[in-house]
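Hi,

Here is the structure I promised to pass on. Please have a look at it first, and then read my notes below.

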Amino acid sequence: MATTRSNGSGGGGGRGDGGGSGARVKAARRPELRLPPLEPYGGDLEPDGDYDGLEFRERDLAGQDGGGARFMDCALTGCAVDETRLRHARVLDSVLTGIRGVGTDLSEATLRDVEVVDARLGGAKLHGAVLERVVVRGGKIDYLNLRGARLRDVVFEGCVLVEADFGGARLERVEFADCALKRVDLTGVTLTDVDLRGVAELDIARGVDRLAGAVISTGQLVELAPVLAGELGIRVEG
């Protein structure tokens, strides 16, 4: 396991040098959301449902099945999503604030132009999902499953991810700002323009050999050096 803590030399706001190498990293494009006036929604979710311009406020959606549903220009605020089934759902131009739950199933879902704010989730399933122009801001997510997912223009900002599994995922223009990544699994991941300099705590449980395509700070490089040397079979003595 490799752990680094930021020494204040990282950050960089998505552009700049990576580890002093002079490399440039392309910044993630953020969603530009302007929700229309929303209508309150008080019903249950339905498979393949079509939800447009609706506000779900403090709704208990636990255990409900919205598989294949489309959410367009919606706001979900303070909703309970324990074991909510949203497999193959499409969440577009929407804001999810203060959602909470365990075992939420968003496997093979599509999230595009979405903000997720102050989420409290455990065991959320997003394996095989597609995330594009998504911001995850604040909150804490435990055991996030992103195996085989595709992330493009995604920003994790001020959040804590515990034992997130990115196994086999593809990340392009992904930025971590003021985050903690604890026991993250990068096995088989493919990284392109991934900015890790803003990670305050970088704890890699598996897959440290998959950091090609990422940009880290000089301090992070020093902390990771022994583990990287071990992965390359280099013996350091003296």
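Predicted model: local features only at pLDDT ≥ 70, side-chain atom pairs only at ≥ 80, totals over all residues.

Residues are numbered from 1 along each chain as its sequence is written, and side-chain values use heavy atoms, with hydrogens and water left out.

Cysteines: there are zero disulfides (a disulfide is a pair of cysteine sulfur atoms within 2.5 Å). The sulfur of Cys-79 is 11 Å from the closest cysteine sulfur, in Cys-74, which is too far for a bond. Cys-74 is buried, at 0% relative accessible area, and Cys-79 is buried at 0% as well (buried means under 20% relative accessible area, with a 1.4 Å probe and protein chains only).

Aromatic rings: the structure holds six aromatic pairs (rings of Phe, Tyr and Trp, the last by its six-membered ring, pair if their centres lie within 6.5 Å, and planes under 30 degrees apart count as stacked). Phe-156 and Phe-176 are stacked, because their ring centres are 5.0 Å apart and their planes are at 10 degrees. Phe-156 lies in strand E11 and Phe-176 in strand E13, so this pair ties together parts that are 20 residues apart in sequence (strands are DSSP runs of E, at least two residues, numbered from the N terminus). Phe-156 is buried at 2%, and Phe-176 is buried at 4%. Tyr-41, Tyr-51, Phe-56 and Phe-71 form one aromatic cluster.

Pocket: the largest pocket has a volume of about 180 Å³ (on a 1 Å grid over the protein atoms alone, a pocket is an open set of points where a 1.4 Å probe fits, with protein on both sides within 12 Å along at least five of seven lines; the volume is the space filled by probe spheres set on the points, which are joined across faces, edges and corners).

Best wishes

Key. Buried < 20%, exposed > 50% of the residue type's maximum accessible area, 1.4 Å probe, protein only. 1 Å grid on protein atoms, 1.4 Å probe; cavity = no way out; pocket = protein on both sides within 12 Å on 5 of 7 lines; lining within 4 Å. Phe/Tyr/Trp six-rings, centres within 6.5 Å; stacked < 30°, edge-to-face > 60°. Helix = DSSP H or I, 4+ residues; strand = E, 2+ residues; numbered from the N terminus.
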